[in-house]
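Have the structure open as you read.

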Amino acid sequence: MNERRLRVDLVMDMTRTPLACFLDVSKSWKNEKKLFENIKTNVLCKDVERQALLRFKQGVIDHGDQLASWVSEEKECCSWVGIVCDNFTGHVHQIRLRGVDGNCRVNDYTTTKPYDEASQEMLGGDISSSLLHLKQLRHLDLSCNDFGGIQIPSFMGSLANLRYLNLSSSRFGGIIPPQLGNLSELQVLGLGSFYDKTFGSESTQLLNMQWLSSLRSLHHLDMSGVDLSKAINWFQVMNTLPSLVKLHLSSCQLPHVHPFVPSLNITSLSLLDLSGNYFDSSFVPRWIFSITGLVSLDLTECNFHGPIPSSIDSFRNLTALKFLHVSGNDFMNSSFVLKGLSSIGSTLISLDISSCGVSSPVLDTLHNLTSLHSLDMSNNQLTKAIPKSLADLCSLRNIDLENNNFQNMSLIFLLGSIFECESPRLESLSLTNSKISGHLPDSIGRLSFLRSLSLSDNLISGSIPNSIGRLLSLEILDLRINQLNGSLPESIGLLSKLEFLGFSYNLLTGVVTEAHFAKLARLKVLWGTGNNLVLRPRVANWTPSFHLQTLGLNSWDLGHQFPLWLQFQRNLIRLELINTSISSTIPELFWRSIPNLETLKMSQNNFQGRLFGFPASLAVIDLSSNNFSGPLPQLPKSSSVNTLDLSNNSFVGSLHHLLCLYGGESLDFLNLANNQLSGVIPKCWVKWPNLSFLNLDNNNFSGVIPRTLGSLSSLGTLNMCNNKLSGRLPVSLRNLKNLEILQLARNELAGRIPTWFGRELSSLRILNLRSNKFDGDIPRELCDLTVIRILVLAHNNLSGNIPRCFNKFDVLSGKDTTPDGRIFTLSRLGTDLLGSASLVTKGREDTYSTILRLVMILDLSSNNFSGHIPSELMTLQALQSLNLSRNQLTGRISENIGDMKSLESFDISLNQLSGELPMSLSSLSFLSSFNVSYNNLTGRVPSSTQLQGFNESSFFGNQLCGDPLTRRCRIEVPDRDEQEDHDGSHGTEWGLIISTVSGFIVGFWVVLAPLLVSTSWRITYFSFLRDMWYKFYDFIRKYCCNMFPK
């Protein structure tokens, strides 16, 4: 993004010198170019060398005319652009043909368009071997060009006098020739590519680096982005280059880093860049800490783990270190490591320990960084204020603390010591997404050197202080996604250096006038979306001083008339004016004044009139939900549009002149739903081979579905509901292998449901054929749609039995754990590719859009299905809505229906089902819509909170009873005579009484009689009782004495 690019530039200003790219070893190319163009000499160049240069020119492609001065009529080739000769001998010593002034990375540009334009100026073609005639050539720079993947010529290894060879970022390919090892005088070698995550790197590679060991004089080597994954000897070779000072090996896929090697022989090394190699599961190498002369060390995204053994002094030996970038390495989350770093802290100028998992307790061990100018601790686990002992905070220039967790901490508490500085030097501050709360302090106006302030995505509340207008050096101000309220201060208009201004998604209110932009002549990006602001310039014909590239004012009140001041924004690349109350036409002059516009979003207004065409530069067009009328506009022949949304308007007529006059491979998203378009759907779909999303819903199209739609092999969503289409489905649709959503509801389509749906369209997640004239059985092949989520076949003429194989629907069964498909997960610049669907659930029809991917529905209602409800349906445990109403189903409801735990809506009304309602219905705790009316059901309604809460109408037309019905269930009470007969008695239960008395008498006399008859038994019995008494008494006495001693 533009703001990120600007902020990076601000930070790199402080850290560039030792970490600068290979192309900046001395001074900028712009200055060099001017210098060498002004060199005057009286010595004519050698004719043989002049001819060699002319043959070189013949081989290259020079769209930018860089070599326009290289003509045969000009005898003095030493005056040609990029040529430097010896002032005495006239020999060509240097060829300097670096492209686009050395700005060959995408990140060197604020947008991709100027990068694309600059790319057209690069040299290409072939490199002629005629350069071998330049016997005294010492310096060859062809960097930042585009040679289209050709291999680096092996003859370059014969340019024996070369000291400097730079082929970086020129899109060479193949194996780097080992003949370069013959350049024994070489001191500087650049073969790298400045790896870019968007556009990738060079496709060059090395299988063996042994030839590099011959370059004993080499002191600067850049192989960034070269594939060294098979160069297993890279470490040993580097160790043989005794003069090496700077080594760039970033993003080289290095196979091994040799973590246990104790030391390196290259004692002269001052810069080491191993960033972007991702040495997974490897410890930080010990040899790095033996290079005591290191000034710059970059280990970004190497994924080095800890801990560092205590026998290693870690950073203590690197006493010359000034620039340390170790982002993405968790070995830094160590008190031991940070203590070692503190011991050399007085020399450090730039420190990047972002994404290292550093916590606040560990950070407390880092201190004494007295020379530090740039500090990046973003993406860590910091929760406390930055300790004062860390560094001289008053001298810090750049601080990045974004993506931490300073919850409930105010800005003044977190960085209070900086605001207390007598003369704070802070130039860049980023706290994006760090859960900062509180207000913006008025003292923020004291940061007079501040150039970038990024506080987006936090919880900052209150008003924006007027003191913000005192930050006269500010270039970036990002306050988006907070809770700021009040009005926008006019003092912002004083920030004459401001290039990026963002305050979207806050709670700002009030009127904005031209005073808020009075001195913002440098402003390039303005994001104000999502506030309740009203723009009312006091001057009727206001002409802003700025020339914006990006403008977003969604949800502002811009008035009914189209803002005429937009006609002066000729540099616009992105324009978003969604829901801004405009109700006029779009002036024709506007379309002619935006030659560079790529993204146009002006939906949810009330624009009137016709659209006649669009600028060829537009890639994204969203004019949905307006009141445009007339025929559809025509796309230009050279259109680059990939997203076109004209839905919810009043367009009329045919699709033909929009789609069939011209074609294009870029169109990916086409939404024309909810218009008044008519006629047959044209057959020219082969012109749009990359279309992924097509929505023609709710128009008046008639005729058959054209066979050519089957040529759209990338199509993921096809919606043609609510038209008058007829005929059978064309067999060519079976070619849509990537189709995930097919909606053809409310047409007049007929015939049988094709068997190839299941075989060929296995990626379908939504199939909606509601309200057509399909007949016959449901083909068993439909069960092969294992990832189906929404299956709607309602309101057709289908018959036969419901297939028993629906248990193969893995998603609806809750068994599928695979990720959602491409359409289900993607969005195009904020537009959900899933679209919307009108579905009947819970007895009503609703349109689902944002939550469509969460809905699980099976609707077979209003057909002629017969037979039983398959028990296999009860295995669909993720199903939320089941509608089988208005059919001819018989039999009982399966007792296993209680297994459908996710069921929210259940409708089997108007069938011929019989038996009782299963008791397991009571376990459906999410059930909110229930209808079993007009069947032949009997018995009691099961008891549950859900079932007793439904209206009585849900049970009408059956023989059911109990709550919530007014009909009570009959309780069967047997009469008295039947009960007595069943019990076998007519009164008192004499058998029980006789048994009880007899038992008592027998038990009593069995014990008592022997005691009465025998004297010895009596004596023995009473002696036993006496002994037991004494034992009990003795136990109680001892227990009491122990418990209660005197």
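## Disulfides

The link of Cys660 and Cys684 is left-handed, with -70° about the S-S bond. Cys660 sits in the loop between α11 (656-659) and β38 (669-671) and Cys684 in the loop between β39 (676-680) and β40 (693-695), so the bond ties together parts 24 residues apart in sequence. Their sulfur atoms are 1.9 Å apart, and both cysteines are buried. Keep in mind that this is a predicted model.

The disulfide count comes to 6. Another one joins Cys783 to Cys805; this link is right-handed, with 60° about the S-S bond. Cys783 and Cys805 are both buried. A further disulfide joins Cys394 to Cys421, and it is left-handed because the torsion about its S-S bond is about -90°. Here Cys394 is partly exposed, at 29% relative accessibility, whereas Cys421 is buried at 2%.

## A parallel sheet

Four strands make an open, parallel sheet in the order β24-β26-β28-β30. Its edges are β24 (461-462) and β30 (532-535), each pairing on one side only. Strand β28 (residues 507-512) pairs with β30 over 4 bridges, and Gly510 has Leu533 in β30 as its bridge partner.

## A buried arginine and an annotated domain

Where is Arg98? Look in the loop between β3 (92-96) and α4 (112-119). Arg98 counts as buried because its relative accessibility is 4%, under the 20% cut-off. Its side chain makes a polar contact with the side chain of Asp141 at 3.3 Å.

An unreviewed UniProt entry lists residues 49-86 as "domain: Leucine-rich repeat-containing N-terminal plant-type". That stretch is 29% helix and 16% strand.

Conventions
Residues are numbered from 1 along each chain as its sequence is written. This is a predicted model: local features need pLDDT of at least 70, side-chain atom pairs count only at pLDDT 80 or more; totals for chains, interfaces and linings use all residues. Side-chain values use heavy atoms; hydrogens and water are left out. Two strands pair if DSSP finds at least two bridges between them. Helices (H or I, at least four residues) and strands (E, at least two) are DSSP runs, numbered from the N terminus. UniProt positions are given in the numbering used here, feature names are shortened, and annotations may be inferred rather than shown by experiment. Buried means under 20% relative accessible area, exposed over 50%, partly exposed in between (1.4 Å probe, protein chains only). A polar contact is a pair of N or O atoms within 3.5 Å; within protein, one must be able to donate a hydrogen and the other to accept it, and residues adjacent in sequence count only if both atoms are side-chain atoms. A disulfide is a pair of cysteine sulfur atoms within 2.5 Å.
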